[in-house]
Amino acid sequence: MQIPATPPAGVSRRTLLRGLTATAGLGAAAALSGCSSDVLSGLTASRETAGSLDYWNLFGGGDGVRMQQMLQTYQRDNPQVELGAVTLAWGNPYYTKVSLATIGEKPPDVAVSHLTRMKSLVEADLLTELDPAVLTRHGLSPDRFTQKTWEAGLVDGRIYAIPLDTHPFVLFYNTDVCRKAGLLDAGDKLAPLDSPDAFLDAMRKAKQVTGAYGGVVAFISETATPWRLFQSFYSQLGGQMIADRGREVVIDDAKAVEVLTFLRSLTSGGLFPSAADYQGSIAMFAEGQAGFFLQGEWEISTFQTAKTPFSMTLLPHVFREGPYAVQADSHTFVLPRHPDNSPERLDRALGFVSAMLAQSKTWAEGGHVPSWRPFLESAEYRQMKPQSNYASAAEAAAYDAEGWYSGSGSNFEIVTGSAIGAVLAGQVAPAAAVRQMRSALSGLARTSSPI
């Protein structure tokens, strides 16, 4: 379903959306036609049964496996609750479905939202504001969460989201390769790669060991990864992309060109492959063809399963002109506006969120940095390796700037990631890529939000 950018005269955008969602149940079912029957059986957002709870999320792969474990534990401990859990494809389609279901008054009780997408839902008046006193009654007071993640999710000081984690871009390294390259200390800790020259030198040494490449990053048929890589280093220089809630494009050309020139040197010099898609980059690192792999920490399970000799650490502070920063986002729990605003339903929803946070160990096993301080600050988490190696990234997270078209899996990441990927592939010069990004973002900045 495509929503016209401009509704007919005399018809508001909200009225148009309500009309389009008069058959939201059928629309959602059609959108899920590619899902399994188990997933379809969970789509019961209109269910009125006492003690029911509907939960939508976007977790696939290793994330999905761990979320299923957590849901099974919740169901075991709360057999009186009729749980309907639905997993949808992440990105723009997911947020469109959540928006349409909420406007059509058939929302889930609890949904997952990236922190960078949540504020657009708030702006569209689609989320329930959460009362601090009620949250405290459920053990969900602000002091129990990492400070930056909690504060980044506030909207004008009001609470609409409860953070589950921070998921930063990180550096994976093959311990066998790096040991042979002389890049590890006695405890297998990676030597600091805290300048462009130090980073490039480490890649050269790793390449000498592998005989193929020093490192690998995905950028073919992939836009999120090149954006995350660029945003990490660009943020270390203090660069910003958009401002005024996405209405202004503020790219710093000099800083952007500096980062892109550095990234291009990785592929032009043969230190990284000049063409690598997501699965190909994983395979190269798993098979020892590259000593380093740059990606989100969620791929930890992949290399554990492959029995790759590896560890993980913070993405290096290569550009030290500014404070340490790394691209990241956070998964949060949100409560879409619901026609049933009874205290019983609210308590059931917050009880579910509390039960999920209590299983932060299971979630952290998949790589994400938990936002739940009772576990994050425990000795058990500190001993969890390599996960705790990059925990400090949560306080250095460089979130995508606010804007209706911004955030994880958004149009913003598509247009910027495409330009950055073209630089890595040697198809576009850095300065031309900056102009391309500016032009595309300017078009989005002039466009009104569809919700």
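How many residues of the lining of the second largest pocket are nonpolar, how many are polar and how many are charged?

Reply: The model is predicted, so local features need pLDDT of at least 70 and side-chain atom pairs count only at pLDDT 80 or more, whereas totals for chains, interfaces and linings use all residues. Residues are numbered from 1 along each chain as its sequence is written, and side-chain values use heavy atoms, with hydrogens and water left out.

The lining of the second largest pocket divides into eight nonpolar, eleven polar and four charged residues (Ala, Val, Leu, Ile, Met, Phe, Trp, Tyr, Cys and Pro count as nonpolar, Asp, Glu, Lys and Arg as charged, and the others, Gly among them, as polar). The volume of this pocket is about 570 Å³ (a pocket is an open set of points, on a 1 Å grid over the protein atoms alone, where a 1.4 Å probe fits and where protein lies on both sides within 12 Å along at least five of seven lines; the volume is the space filled by probe spheres set on the points, which are joined across faces, edges and corners). The lining is made of 23 residues, and those closest to the centre of the pocket are G60, D63, W90, Y278 and W298 (a lining residue has an atom within 4 Å of a point). Three helices, α4 (61-77), α11 (224-236) and α14 (300-305), each supply at least two residues of this lining (helices are DSSP runs of H or I with at least four residues, strands are runs of E with at least two, and both are numbered from the N terminus). The greatest contribution comes from α4, with three residues.

To place this part in its setting, consider the whole protein. It has 20 helices and 14 strands, and 55% of its 451 residues count as buried (buried means under 20% relative accessible area, exposed over 50%, and partly exposed in between, with a 1.4 Å probe and protein chains only). Of the contacts between residues at least 6 apart in sequence, 76% join residues that are at least 24 apart (a contact means heavy atoms within 4.5 Å).

The aromatic rings can be described next. In the whole structure, a search finds 25 aromatic pairs (rings of Phe, Tyr and Trp, the last by its six-membered ring, pair if their centres lie within 6.5 Å; planes under 30 degrees apart count as stacked, over 60 as edge-to-face and the rest as tilted). One of these pairs is formed by Y94 and Y95, whose ring centres are 5.1 Å apart and whose planes stand at 90°, so the pair is edge-to-face; both Y94 and Y95 are buried. Another pair is F172 with F285, where the centres are 6.4 Å apart and the planes are at 65°, so this pair too is edge-to-face. One aromatic cluster is formed by F172, F285, F293, F303 and F310.

With a relative accessible area of 21%, W404 is partly exposed. Its C-alpha atom lies 9.6 Å from that of T116, although W404 and T116 are 288 residues apart in sequence. Leaving aside neighbours within four places in sequence, the contacts of W404 include S120, R245 and P450.

The peptide bond from K385 to P386 is cis, with omega near 5°, and P386 is placed in the loop between α18 (379-382) and β14 (397-398). D125, a residue other than glycine, has a positive phi, near 60°; D125 lies in the loop between α6 (115-123) and α7 (132-137) and is partly exposed, with a relative accessible area of 40%. S221 is not a glycine either, yet its phi is positive, at about 55°; S221 is found in the loop between β6 (213-216) and α11, and its relative accessible area of 76% makes it exposed.
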